[in-house]
Each structure stands twice: as structure tokens, then as C-alpha cells.
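Welcome! Have a look at the fold below, and then we will walk through a few of its parts together.

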Amino acid sequence: MTFPVQALADLMVGTVEAVSPNEILIALGSDTPQTIAINTGMPTPFPRLNGYVLLPNEAGATVAYVTWIGITRSPAMRTGDVNKFDLVDLPFPTRKMTVSPIGTLMVKSPSVVGDQLEMSRGVRAFPSVGDQVLVPTAAQIAAIVGARDEDRRVRIGTSPLAMDADIMVDPDKIFGRHLAVLGNTGSGKSCSVAGLIRWSLEAAGECRAAAGKPRRPNGRFIILDPNGEYRQAFTDQAENVRVFRVPPLDAGETALKVPAWLWNGLEWSTVSHAQKGVQRPLLRQGLRELKSGRQAQLTEDEKIGVAAHSYLTSISSAVSTGRQEYAGFPGRKNIGDLLLALLKDVGRWSEVASDALLDDAEALSQAVEALIGERQDARGYWSDFAQTELDAIAKALLLVTAGMPDDEAEADFMHEDAPLPFDLSRLSSHLEGLAQRQGSNLSGFIATLGLRIKSMLGDRRLGSVIDDPHGIQFEDWLESYVGTDGASNGNIAVIDLSLIPSEIIHIVVAVLGRLVFEALQRYRRENAGRTLPTVLVLEEAHNFVKGVSTSDADDWSAADLCRDIFERIAREGRKFGLGLLVSSQRPSELSPTLLAQCNTFLLHRIVNDADQRLVSKLVPDSVGGLLRELPSLPSRHAVLLGWAAPIPILVEMRDLPLAHQPRSSDPAYWNVWTGVEERPVDWATIVRTWTE
């Protein structure tokens, strides 16, 4: 069948002069437009770098994009007598351009109303010297960029180099096979991420409304937001968004909870720095026993006795001869945090202790309060402790340990990875009991581990996130963070990580990622192989999924653990309906495994040489010229390439109103300096919320 554009001679702009696999040299005709072509049915900028041309052939038409435009000096063509050898040929300016072939435009299905065109990747037939070169029409441009593909349902912007044709994407491709949004700060990454979420949900809602269904889609976006940018982006959809953050909270927000009983054995071992020789096996055994309800068999006095003995062991270890782990930094801070945790526990003991232990518990509480008052200033800083002071606390603890049981019966245990609630305050004391049962020589090894766990749980910044005294049920947690049936509680969960302490931010992100992944794994198993499509958005991904670690798995840090779970999601998430959307301003610092599993890329302005070299490897050499625009791309402009785009396309992203943009705009230095914008300062309020 003859390709339609072959009959459109008025669209001819030049002829082929030279052909190679990745570059074609074209001589432009004398009547070729200088800047604007009007023979396409509408004014079209031509010729333009990275614009498109067609080269008709037997397979349809080869699509190529312009990589170079220039003027060369060629001999003028002679007319008349060609045998006049005494004449000197003068150079004649000829406009030329080079193009790189990227795909083939074919007739998909002829119809009465017109032929349906289809763009396919790859070159099926190269042109020959002398072949015509055509400027594409608006309909052909729309087919080239995929604007008329029925599966491309979400409009994300227009292409300034393709007659401002709409750029549409298929959600199944852009989210199902992972998307990376890369670019320098200020290039529009966050707006693109927020826009992709908003536009996708809007398009799905319109489709449902057209079918007579409730407008809210059954979609789930979980945004891990380390900078607190995305709360503002969806304020107009308060009923559709769940915001989780560290207190203090604004109206409509929920306290972020990632209870430590949700952690698996490896996460516990990593965050507590448990050594693999003795500490790690005992820690995992202790988790198995507590998650199996082992301590439920003890009386309240026995539980208090076990806990008090754990504190006694930790303090005794710190003041043992020659160690003096109560002076200097971080020793005095560790002991101070231990005393704060002890004071908190003693308050609970006083509520449940029998009359026989009540007086001793109250005496211990008074002693600890007095010591804290002498050793902690108003800012929370600790001064050095004295051994005599800690000896007095140890004596008061010894009286409370009277209720400690001699031994405990054996029982069947759950696996340490099971997400079963248990009393976190009992963990260190239970580990001390395990060490005693297995030999007194283990107590010294466990004492330091117990001290680290107590200090972590006693830290007020961490306790609000990982310790859940109200006992949320696992089912309720999944409904809150992943979403209820039909997404009735909203499509978007924004998890604000901005105030999470650096000590645990990686473990919190790792646990969140793992739980979402495993929940969707089990959903598919329980629903005959059907998946629950969910998108996990990771902002500032270079901070959480860094390059490959050289350390042994037994010595992993929390950052290694975080990288491992997101690499696993990148490799396996598609099978379980979990898509990744990662955003980063330093792609060269990202894990190669993560980038290799991303099938679609949205590249904003990238200036750094190392980052440019990395992204240049994402595309074939034939379209590498398109990426040379990256350092000069204006804000909101990006190159879309990969599985979700038929060819690499320069996109001007849809504009987001200021109220819908993430809170990531540049600081207004001049307006603040000159008083155009007021910035009142109330450090007292900040300090109060900081230290509460």
C-alpha cells in the first residue's frame, strides 16, 4: 500500500545526500522555509534542532530528528556549455542538516474517515541517496508522539518541537514498569511528580464518571516525602489525602507511626547494631518469645522484676571497674537517656505493682527524678555522672527486682519477622533474662545491647514514631497507610519524613517500603493472582537508595537495608502490582540496580557532568543528541523516554497552579530583605515544639 505522505509533494523540504546507520545528511531545497513552514496546514517552526522529519520508503516513512543545521559552500550548478574550462566555479551557500533515524511511521488500519497511523520503534528501511525528505503534518506529528494511541489516557503536557502536540502516557506503562524523574534542584521535578499523580487520578475519575461509576478511582499513591513538600500540593483534595507526620500536627493530619513490633529480625539487628556472634541470635530469640506472648504468662510483679533487673545490669555494666561509661560523650548522654527511659517505666510500674513493690517503685522514681534534675539542664544537655550516684540508683533497682521469677517454662514461638504486637519496654529485660538462663558469661555481651535498645526507646524523638502505647492493630495500620477497600479513605498517602531523626529515617523508610511490598504480595496470593495496583513514590531517592555497598551483609547499616528493599521492589514489584516512582537530583549516586529496573525516564535540566554521563547511557547513540539539551532545559521542560514513550520526546509539562505545587520553590531572599514579604521570628515557639 502506498504511504499517504508520498503523495504530498508540497511537503518536501530536501533530499538525502548521504546515509549512515545513525546519521543522514540532507540538502535543503532553495524554497525550503527559513524559520516557519506553512505548508503543513498550520504554521510550524522549521527547521529546528530536535524537530522531526519524514523519509518515505517502502515500509512507510522513517522518522528522524534534526541534530545539526548549517550552511556549506558548494560549487554553483553550471548551465549551458559545460565545456568552458576557463571558468572558475564560485562557492554557493547551501543549507544542510543532519538527522538521526529513530523509528518508523506506518499505516495501522485504513478507514473511510482516514488512515490510522502508528509509530513503531526501530528503523525498518533506511533511505537512499536522492530520496525525498518531508516535513510532517499535524496528524503525523500526533502519531509520532503517541497522542492518538488509545492506551495513552493521561495528558502530561505538550511538545514544543512537535507543533505543541499533546503528550499522552499510558499509566500501565509509566507506573507499572517504574518511572525515574531526574533533574537538578529547581528544574521542576517535584511539580512533575505531583502533576503526574494529580493528572492520573483526574483522568481515571473522568473515565469512571463517564461510565456512571463513583468518581473516586480505586488507586493508591504512597508518597515518602523527606522534605515535607507534598502536603501543600493536595490541600484542595483534603478528603482524598491522608497526611502522616511527626507531631506537632496541623488539622487533618495523623501522627506517623511505624511501630517497632512491625520490624523484622534483620531490621532490629541493624538498628540496634547487634553483633552476629552472641547478640544477634539472642535478640532474635527474644523477639520470637515476646511475639509469641511468652511474657503474658508472668504476673505484673514478675514483669516489673525482669525489667528492673535489665536496668540494673545496664547500669552495673556502665560503672564496672575501668569502664566508666557514664562520663564524657556519648557516655553521659547514653546514661541520661537510660534514666529517662527508666523514669518512664517506673511510672507505669507504679500503676500495676502490688503493695509489696509499690513503696520500692516510688522510692526508685524519686531517686531517678532527683538525679535527672541535677544532671540535665533546661536545654536537655547532660553533665557527667558520678559512680556514687549511679550506685544509689542500682541499690534502689535491686529492691524492685525482688519480684523477678527464677525461670520460665518453654513454649512454642512465632518467627521473629511476624508483625505481632508486643511490649517494647520488656525487650531489653527479656534479653537479660535469656542471657542469665544461658549462662552468666553472656550477661556482659547483652548489657551493651540492652543499653542501646533502652536509649533508643527512651529518646522522645524516636518514641513517638516507633513506640505505640495505644496499640494500633496491624489491619488498621495497613488500612491507614496503604488504603481501605476501594480507596474509600483517599487515593494519596503523604508520609512526611522531614522531622524523623537521622538515626532511624533509613529504617523507617525501609520498613514502610517492605510492608507495602509484602502486603501486596499477600494480596495477590489471596486473590487468585490478581494484583492491587499501587504506586510508591520516593523523593530524594539518592539519599535512600545509594550505590552498591561494599560491606558484608552481616555488617549492613540501615542505609544498606533501605537500599536492599527498594532494589527488591524495583526487581519484583511489577509482578505484585507495586510500581516505583523515584525522584532524584543526583542520578549518579543512585543504585545502578534501581536505575536499570526503571523503564521510563523523565529527565529535567541536568548540569553535573557525572549525572549527564550516566543518563546518556539510558538511550541509544542515535538519540543521544536529544540529551545534549539537558543542561539548558528551562523549568517545566523535560525529555520523556523509555517504555512509556514511542520515541524520546521533549515535553513542556502541564502548568500546575501555585496552590497545587509542592512546597519546593526558591527562597525569596530579595522580597524578604526589602520587606515585600514579612518573616516574623518566634524562636520560643520553635524551641518549645523542638524540645517537647
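## A well-covered helix

Let's begin with helix α5, which is mostly covered: 10 of its 13 residues are buried. Here, buried means under 20% relative accessible area, exposed means over 50%, and partly exposed lies in between (1.4 Å probe, protein chains only). Among the buried residues of α5 are L282, L283, L287 and L290, and also Q279, R280 and K291. Helix α5 covers residues 279–291 and reaches 18 Å from its first C-alpha to its last, close to the 18 Å expected at 1.5 Å a residue. The expected span is 1.5 Å times one less than the number of residues.

## How to read this model

This is a predicted model, in which local features need pLDDT of at least 70 and side-chain atom pairs count only at pLDDT 80 or more, while totals for chains, interfaces and linings use all residues. Residues are numbered from 1 along each chain as its sequence is written, and side-chain values use heavy atoms, with hydrogens and water left out. Helices (H or I, at least four residues) and strands (E, at least two) are DSSP runs, numbered from the N terminus.

## Two helices side by side

Now find helix α7 (residues 331–352) and helix α8 (residues 355–375), which pack at an angle of about 150° with their axes 9 Å apart. Axes are lines fitted to C-alpha atoms, for helices over the stretch in contact, and angles run from 0 to 180 degrees between N-to-C directions. The angle makes α7 roughly antiparallel to α8 (under 35 degrees counts as roughly parallel, over 145 as roughly antiparallel, 65 to 115 as roughly perpendicular and the rest as oblique).

The contact (heavy atoms within 4.5 Å) includes L339, L343 and W349 of α7 and L358, L364 and I372 of α8.

## The open sheet

An open sheet of 12 strands runs in the order β11-β10-β21-β20-β19-β12-β18-β17-β13-β16-β14-β15, with mixed pairing. Its edge strands are β11 (165–169) and β15, each pairing on one side only. Two strands pair if DSSP finds at least two bridges between them. Strands β10 (residues 154–159) and β21 (residues 649–653) pair in the antiparallel sense over 2 bridges, and T158 stands opposite E652 in β21.

## A lysine in a loop

Is K257 buried or exposed? At 18% relative accessibility, K257 counts as buried. K257 sits in the loop between β15 (253–255) and α4 (265–271). Leaving aside neighbours within four places in sequence, K257 is in contact with S464, V465, D467, D468, W477 and Y481.
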